[in-house]
Amino acid sequence: MHFKKNILCIGAGYVGGPTMAMIAFKCPQYRVTVVDINPERISQWNSDRLPIFEPGLDEVVQACRGRNLFFDTDVEKGIREADIIFVSVNTPTKTFGAGSGMAADLQYWEKTARQIRNCAESPKIVVEKSTLPVKTSLAMERILTSDGDQIYFDVLSNPEFLAEGTAIHDLEEPDRVLIGSHKTERALEAREALVEIYANWVPRERIITTNLWSSELSKLVANAFLAQRISSINAISALCEKTEADVSEVARAIGMDSRVGDKFLRASVGFGGSCFKKDILNLVYLCRFYGLIEVADYWEGVVRINDYQKDRFVLNMLNAMFNTLAGKKICLFGFAFKANTGDTRESPGIFIARELAEERAELAITDPKALDNARIDLADLGEQIAYVEDPYDAAEGSHAVAILTEWDLYRDLDYERIHGSMEKPAFLFDGRNVVDHRRLFEMGFNVFPIGKAPLTHF
Ligand SMILES: NC(=O)c1ccc[n+]([C@@H]2O[C@H](COP(=O)([O-])OP(=O)(O)OC[C@H]3O[C@@H](n4cnc5c(N)ncnc54)[C@H](O)[C@@H]3O)[C@@H](O)[C@H]2O)c1
């Protein structure tokens, strides 16, 4: 079969895999190859057990794998054959040197840029899919053209806005697709080549174009705004717990204001995921770099409140349970950073499990999709933690259950049965406000929601 163009994606992670699967699914006229330096990841993408859990992903991959979607480890061959190269490698927070703990670690991204330059034998359109600090595409251009300009590269920015857990839906019906480019005739042609791909299924009016820097910055700002809403409502949840106001009622009242809107106003144990914290810290670092100290401090507050919320959750548990957790069994319902994903990167569960272990509690962790990752995250804690598939088994004999992930499953469990199998007094800490607190209280639980007065029998 003759394909219109060859698309390559470097990085077969949570973004590269699903986004390319969707492009291949919607655009059978393009040949899409996803490469990664991690051979295990590639063989998982080629197997029946994909490396990530995402509702609807299996079906999309199955529909086009082997047809026009391929997963491979040969990065160099992929580069040589590609017309359009998406770069979707990880850009974690730096853990060393200048900007450690805050700036983006660009080593994977830069290696990729050099590899593209070294292997390319024909002009390429290079698309930044990874989330990067504003002005990174300038560095990308410099690296790509540092070999004497024999081969022409067009660099575009096309940040990804999908959310894990709803990635397939978000890719199929994106609120918008953002493409940043220069304004030269050549750059506009390259931009049009990318627009043409998305236009196979995304309405044109949802494909928006900007200059390169606005596009790069918009991704950081989008995540900063989303996280800020969570930290805002979480900050108010602390006040609600002191004043007998109810954070769900407050959220409802303010969310009905059309200027505010009702999304992302659920109080919780705190946000997690690989992006929010790293992207905000990246933004903070950029602001400091440009001498905008007040702006940096403002956004850093979003991360501070998130840390505070996780801390507060553990302290509430400790206080409620008579200031000692040593030797008590605590069961964690959920370990993924949100429902419908197995991803545990930056999950509040990691912090909370470690704090509880520090208090010498024994932990049983249950989660429908994230136990493999949990085992890796907490490997150093050894025997202190049991990983249990079945929530009823996990809760049996425990002094407390703490709900950390909003899986639907936890809403509908038989809590009478759970209460019956627990030590008394039985505590339930609802870090996601998902269960019926009054009903559980009436069953005998001492219930501690987020942002609402506790319901206790003492
Ligand atoms: N996860 C999300 O929800 C999300 C959403 C939007 C944007 N992003 C951004 O997308 C980017 C990727 O995120 P992710 O969650 O997919 O990360 P990930 O860690 O799941 O995947 C990145 C992959 O890149 C591979 N890789 C690294 N260096 C490579 C190289 N030189 N050659 C080939 N492969 C290489 C890694 O092996 C890994 O499999 C990040 O910049 C992130 O901020 C993530």
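Me: How much space lies in the second largest pocket, and what makes a space a pocket here?

Reply: About 700 Å³ of space lies in the second largest pocket. Its lining has 23 residues, and R49, L50, P51, K369 and D372 are the closest to the centre. A pocket is an open set of points on a 1 Å grid over the protein atoms alone, with protein on both sides within 12 Å along at least five of seven lines; a lining residue has an atom within 4 Å of a point. The volume is the space filled by probe spheres set on the points, which are joined across faces, edges and corners. This is a predicted model, where local features need pLDDT of at least 70 and side-chain atom pairs count only at pLDDT 80 or more, while totals for chains, interfaces and linings use all residues. Residues are numbered from 1 along each chain as its sequence is written, and side-chain values use heavy atoms, leaving out hydrogens and water.

Me: Which element gives the largest share of the lining of the second largest pocket?

Reply: That is α14, with four residues. Helices here are DSSP runs of H or I with at least four residues, strands are runs of E with at least two, and numbering starts at the N terminus. By class, the lining has nine nonpolar, four polar and ten charged residues.

Me: Why are the buried residues of α3 said to lie on the same side?

Reply: The residues in question are L57, V60, V61 and C64 of α3 (57-64). They cover an arc of only 95° around the axis, so they sit on the same side of α3. The arc is that of the directions from the helix axis to the C-beta atoms. Buried means under 20% relative accessible area, exposed over 50%, and partly exposed in between, with a 1.4 Å probe and protein chains only. On the face turned away from the buried side, α3 carries the exposed residues E59 and Q62. The buried residues of α3 pack against α1 (16-26), α2 (39-45), β3 (69-72) and α7 (167-172).

Me: Why does E164 count as buried?

Reply: Its relative accessible area is 10%, so E164 falls under the cut-off for buried. E164 lies in the loop between β6 (153-157) and α7. Leaving aside neighbours within four places in sequence, its contacts (heavy atoms within 4.5 Å) include Y14, E54, S274 and R345.

Me: What makes the phi of F264 worth a look?

Reply: Most residues other than glycine have a negative phi. F264 is not a glycine, yet its phi is positive, about 60°. At 38% relative accessibility, F264 counts as partly exposed. E346 also has a positive phi, near 60°, and is partly exposed at 41%.

Definitions and conventions. 1 Å grid on protein atoms, 1.4 Å probe; cavity = no way out; pocket = protein on both sides within 12 Å on 5 of 7 lines; lining within 4 Å. Nonpolar A, V, L, I, M, F, W, Y, C, P; charged D, E, K, R; others polar.
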